[in-house]
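Please walk me through the salt bridges of this protein.

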Amino acid sequence: MAYVITQRCCNDASCVSECPVDCIRPTPDQPEFATTEMLYIDPDTCIDCGACVDACPVEAIFSEDDLTASLARYRDINAAYFQRHPLESNFDPIVTPARPPKDLGTLRVAIVGAGPAACYAADELLRRADVEVEMFDRLPTPWGLVRAGVAPDHPGTKTVSGLFESAFRRETLQYYLNVEVGTHITHEELMAHHHAVIYAVGAATDRHMGVPGENLPGSHSATEFVAWYNGHPDYADRQFDLSGERAVIVGNGNVALDVARVLTVDPDELARTDIADYALDALRRSNIREVVVLGRRGPLQAAYTSSEFLALAHLKGVDIVVDEADLALDTGSQALLDDPKVEPSLRLKYTLAKEYAAGRRDPANKRIVFRYLGSPTALTGAEHVETVEFVHNELVEEGGQLVARATERTDSMEASLVLRSIGYKGEPIKDLPFDERRAVVPNEHGRVLGDDGIPIPGVYVSGWIKRGPRGVIGSNRIDSEETVEQLIADFTTGKLGVPQANRAALKALLGERQADLVDRQGWKAIDLAEKSAGKASGRPRVKFTSREDLIKAARG
């Protein structure tokens, strides 16, 4: 018997170092780790010890004997990876990173942001040094996209927050929630109170389609919709028109699949999750019967992961529809698929699309329809979105890559709701340089670079604002470790300034400027109140969705 990693894998890699026989791949030092959609366990090497199960922060690892019907296929998916990448074990001892000398005193670090990248950076600092960490976030709650971005029907993915809760119990880390850097405290003041500042603020905005009618009522970003159904206080008052029978999602990444599921699954299924109550009420009244997921390239180039695509097959009362004609491959895509070295996950994407195309349909079911090789050209309607006009694309090779090029064929479909899901975008941070083209803070391995290309002492970045919006939650762990490595090296070699004030002075300063500051005890009170309300109704938690209610709960 072996253990199997399933689609809930966050690619955190905590399990890799725990495996006594080194049978989990890829490892963080392998190039493919940055692009793989999940980790894999070699069934021929696994000794059934269960160490990886205990290390997994999102409960994604199961004994193959315990796999449910919806997860059973992952036994073959894990095995297929090692058929493509035969295991070469590496038993080199793990080198414990050096800690700064004790005579340097306590390292003080401010982290701006409280999402996964920020939390992984804080965790690494707590393990690596005698440190005091202050974590800032403009929201009254921590965890960022784990709380406000992960789909409510993926509760296993949200359990990564438990890892952070456990690591942050000590007073060496203090929360300053509902505090906005740039409003309640400046960058210069953060630097005056700390040796270093790490900005882990993510990519806060979304990209636009740039087509006529994009701003019509009924057209929104998927970012807004996701934040709305997850109870983000900045989006709780948004309105989405669910009165029509068809919604169109532009883009086909994992976020698009999350939105498609939320729009089509039985609301009674969602009623067991932490979805915002107002969103659940709206979905119960929804008339949407069909969600079209429109991607500009072909089925092999779709941005969703094969694991999330596979999970759609097990939705109750929802048909997954693919037109067989859309699966005809161009020469380049066919050559890619025929290559004996093709990644198993890519081959699985196409296999699943073929299975969906051949699947039976139930007229009583709702539908998620995948359309490939299409790009919107306009949204039309008198006072509200009524129609999506789009062009059919073809794939052509440019610079060794297959890119979508518009043909002369055009088409349209009726829709009363259009959600664009074509990527996130970072925003400039006051007093820091910014690369407008890449929408990131310019940096070298996490050290922020000035306009002259020289690192700015004591200023660092981690996560999407560092590398751009790519990767899964666990990708931030390796990213944050790299940033912290640079920070500690700079501290050890005396490249950081000396704080001019201590944490007591910081606490007093912020107490004067933000009366509604939420500290550790305040967050604990919010967390307890939400979980208590959820327990009464058989849910993980019932979220407070306004700042006023969150602050009230924080005060007890």
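A residue counts as buried when its relative accessible area is under 20%, as exposed when that area is over 50%, and as partly exposed in between. The model shown here is predicted.

Take Glu134 to begin. Its relative accessibility is 0%, so Glu134 counts as buried. Its partner is Arg108, and the two form a salt bridge. The closest N and O atoms of Arg108 and Glu134 are 3.1 Å apart. Arg108 lies in strand E5 (residues 107–112) and Glu134 in strand E6 (residues 131–137), so the pair ties together parts that are 26 residues apart in sequence. Arg108 is buried too, because its relative accessibility is 6%.

Now move to Asp234 and Arg138. They form a salt bridge, with the closest N and O atoms 2.8 Å apart. This pair links distant parts of the chain, 96 residues apart. Asp234 sits in the loop between helix H9 (222–229) and strand E11 (246–250). Arg138 sits in the loop between E6 and helix H5 (145–148). Asp234 is partly exposed at 25% relative accessibility. Arg138 is partly exposed as well, at 38%.

Glu481 and Arg477 both lie in helix H17 (residues 475–492). They are 4 residues apart, about one turn of the helix. Their side chains meet in a salt bridge of 3.4 Å, N to O. Glu481 is partly exposed, at 22%. Arg477, at 19%, counts as buried, because the cut-off is under 20%.

Some salt bridges join into a network. One such network links Arg147, Asp527, Glu530, Lys531 and Arg541. In total, the count comes to 40 salt bridges.

Note on methods
Residues are numbered from 1 along each chain as its sequence is written. This is a predicted model: local features need pLDDT of at least 70, side-chain atom pairs count only at pLDDT 80 or more; totals for chains, interfaces and linings use all residues. Side-chain values use heavy atoms; hydrogens and water are left out. A salt bridge is a side-chain nitrogen of Lys or Arg within 4 Å of a carboxyl oxygen of Asp or Glu. Helices (H or I, at least four residues) and strands (E, at least two) are DSSP runs, numbered from the N terminus. Buried means under 20% relative accessible area, exposed over 50%, partly exposed in between (1.4 Å probe, protein chains only).
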